[in-house]
Amino acid sequence: MVSRVIPVDPFDLVIFGGTGDLARRKILPGLFRRFCAGQMPEGSQIIGAARSEMDDAEYRRMVSDAVAEFGGGRTCEAGTLEAFLDAVSYVTTDAKGDGGWVELNGKMRDSTVRAFYFSVAPSLFGDLAERLHRFGLATPESRIVVEKPFGHDLESARALNAALAQHFHETQIYRIDHYLGKETVQNLMAVRFGNMLFEPLWNAQYVDHIQITVAETVGVGGRGGYYDKSGAMRDMVQNHLMQLLCLIAMEPPAKFEPDAVRDEKLKVIRALEPVDWHHIVRGQYGADENGPSYREDVEDPKSRTESFIAMKCHISNWRWAGTPFYLRTGKRLKARASEIAVVFKDAPHSIFGADAGRHRNVLAIRLQPNEGMTLDVTIKEPGPGGMRLVDVPLDMSFADALGPDAEEVPDAYERLIMDVIRGNQTLFMRGDEVEAAWAWTDPLIAGWQARNDVPKTYDPGSSGPEDALMLMHRDGRKWREVKA
Ligand SMILES: NC(=O)c1ccc[n+]([C@@H]2O[C@H](COP(=O)([O-])OP(=O)(O)OC[C@H]3O[C@@H](n4cnc5c(N)ncnc54)[C@H](OP(=O)(O)O)[C@@H]3O)[C@@H](O)[C@H]2O)c1
């Protein structure tokens, strides 16, 4: 199966923060891979913009190094790195000053798609939007791409939305959640809405519960200062896990179109019940021979920010009333693994008797590593000696199913940037979605702050604090193993 490359129109893409970590690790290498795949049309240009003094040649060297380090080393069929670099230039630009803007404007062309990637701190979003307008770079068709975190709470998210809305229409704003660009996440929609098999069972009558796990092995590393003001709830749950939950829980949209999909996601967020504080477990990793504790990492011995969170949520609508959604995410856990597991109910009556044991179908959607899906089905254990049942996985790994072409599947950033150029907002968060997510998140955070809740310490390399296991055990359920 060959992944088809659908060409986009020639574009002018300005990357504000073009010298930063995200630009070097993801955006620029991603663009190079799209160039290699033949998706970046001739006549397109990529312009880095930041305060650092640099000429085009120096910037191209930086881009070349970034591609070498983070490009993944794929073969490039459409041309050479030099040909790609020919399309790259740099303008020293200050988001808070007036330097560079006239020169930047001079590079813009009328007949190409204009996109402005805000790969800078959110505190600069308003300045950039205002200057894009004031210096005449923004046209009614141009697009802006904004990175997470989109706000720290509802109030700051509203302020950001309002600052952008002064100069750009909602149809021009692309709020990135890179989880939505993952192949498996989109496959989730294909599986749900492209097959007859699952959707009839996709409700509280047949689904016992759903687990969403995003586990990381790394600690906060050099991001301690930022992370300690945020925590797992703001950094992961409010955006990434919430988006996954929406795609799992939403009603079928009438069409696979941006607002149709986003309307359905919004309904899910609005139907989320406040979470009982007994159903939230927060944790912080301790120290071990491989690294310092969370509190040492963030250099605050009294920090109460969580590096792990697990919670049980409910969606109050007809489809999901009574089916819990268990979410968990954390750092320095046993394995780097993200998955969504839909655990179906037991068969209502076992004709094989009590000895056959309890068997459940589980549809597990793996986001990483080894993107794919597994469906556990119950079969007879082979051999003589009666009817013993065993669960076996029907396993579909994309790498196996697609063969060598799987390597050519674009990563999340590549896909999302091309969607921006195409003008397709389906996989981007709308302003009201982000605000609704914060409106659900804020009271939970305020609740544990008011209770002076202290996160439980957990062993690095574990699955999180014991209390998180208990959250499931109390309900007679079990987390799936965190494994790579
Ligand atoms: N890194 C990641 O993996 C990651 C992942 C998800 C989201 N994000 C988000 O993406 C954004 C960028 O993150 P990052 O990690 O790339 O940050 P970073 O490494 O600190 O880079 C910041 C960039 O902004 C530029 N900059 C700072 N002040 C500026 C100003 N006044 N005018 C113009 N440019 C300015 C910097 O260049 P100069 O100093 O030369 O101006 C640099 O290019 C942040 O919002 C972050 O939260 C990052």
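This is a predicted model: local features need pLDDT of at least 70, side-chain atom pairs count only at pLDDT 80 or more; totals for chains, interfaces and linings use all residues.

In soluble globular proteins, nonpolar side chains tend to be buried together. Here the largest nonpolar core has 111 residues, and those with the most contacts inside it are Phe-11, Leu-31, Phe-84, Tyr-117, Met-311 and Trp-440. Helix α9, residues 231–249, gives the most to this core, with 12 residues. There is also a second, separate core of 32 residues, and Ile-47, Leu-128, Leu-137 and Val-434 are among its members.

Leaving aside residues up to four places away in sequence, Leu-31 touches Phe-11, Leu-13, Ile-15, Met-40, Ile-46, Phe-84, Ile-417 and Met-418.

Next, turn to strand β11, which spans residues 337–344. Eight of its eight residues are buried, so β11 is largely enclosed by the rest of the structure. In a regular strand the side chains alternate between the two faces of the sheet. You can follow this along β11: Ala-337, Glu-339, Ala-341 and Val-343 point one way, while Ser-338, Ile-340, Val-342 and Phe-344 point the other way, and all are buried. Which strands does β11 pair with? One is β7, residues 207–215, which pairs with β11 in the antiparallel sense over eight bridges. In that pairing Ala-215 stands opposite Ala-337. Another is β12, residues 362–368, which runs antiparallel to β11 and is joined to it by six bridges. There, Val-342 has Leu-363 as its bridge partner.

Strand β12 also leads us to the charged side chains. The structure holds 41 salt bridges, and one of them is formed by Arg-366 and Asp-395, whose closest N and O atoms are 3.6 Å apart. Arg-366 lies in strand β12 and Asp-395 in strand β14, so the pair ties together parts that are 29 residues apart in sequence. How do the two ends differ in accessibility? Arg-366 counts as buried because its relative accessibility is 15%, under the 20% cut-off. Asp-395, in contrast, counts as exposed at 52%, which is over the 50% cut-off.

Another salt bridge joins the side chains of Lys-148 and Asp-235, at 3.4 Å from N to O. Lys-148 sits in the loop between β5 and α6 and Asp-235 in helix α9, so this pair ties together parts that are 87 residues apart in sequence. Lys-148 is partly exposed, with a relative accessible area of 25%, whereas Asp-235 is buried, at 2%. Compare this with Glu-306 and Arg-282, whose side chains meet at 2.7 Å from N to O. That pair links the loop between α11 and β9, where Glu-306 lies, with strand β8, where Arg-282 lies, 24 residues apart. Both Glu-306 and Arg-282 are buried. Elsewhere, Lys-96, Asp-98, Asp-127, Glu-130, Arg-131 and Arg-134 are linked in a network of salt bridges.

Now for the backbone. Most residues other than glycine have a negative phi, and most peptide bonds are trans. Lys-148 comes up again here, as a cis peptide bond with omega of about 5 degrees joins it to Pro-149. The bond from Gln-368 to Pro-369 is cis too, with omega near -10 degrees. Pro-369 is found in the loop between β12 and β13, and that loop also holds Asn-370, whose phi is positive, near 55 degrees. Asn-370 is partly exposed, with a relative accessible area of 44%. Glu-299 likewise has a positive phi near 55 degrees; it is found in the loop between α11 and β9 and counts as exposed at 72% relative accessibility.

Ile-351, Phe-352 and Met-387 make a nonpolar surface patch of about 320 Å². Of these residues, Met-387 is in the loop between β13 and β14 and counts as partly exposed at 42% relative accessibility.

Terms used
Residues are numbered from 1 along each chain as its sequence is written. Side-chain values use heavy atoms; hydrogens and water are left out. Patches are made of residues with over 30% relative accessible area and no salt bridge: like charges are joined within 9 Å, nonpolar side chains (Val, Leu, Ile, Met, Phe, Trp, Tyr) within 5 Å. Accessible areas come from the Shrake-Rupley method with a 1.4 Å probe; for residues, only the protein chains shown count as cover. A salt bridge is a side-chain nitrogen of Lys or Arg within 4 Å of a carboxyl oxygen of Asp or Glu. Helices (H or I, at least four residues) and strands (E, at least two) are DSSP runs, numbered from the N terminus. Buried means under 20% relative accessible area, exposed over 50%, partly exposed in between (1.4 Å probe, protein chains only). Two strands pair if DSSP finds at least two bridges between them. A nonpolar core is a set of buried Ala, Val, Leu, Ile, Met, Phe, Trp, Tyr and Cys residues joined through side-chain atoms within 4.5 Å. Contact means heavy atoms within 4.5 Å.
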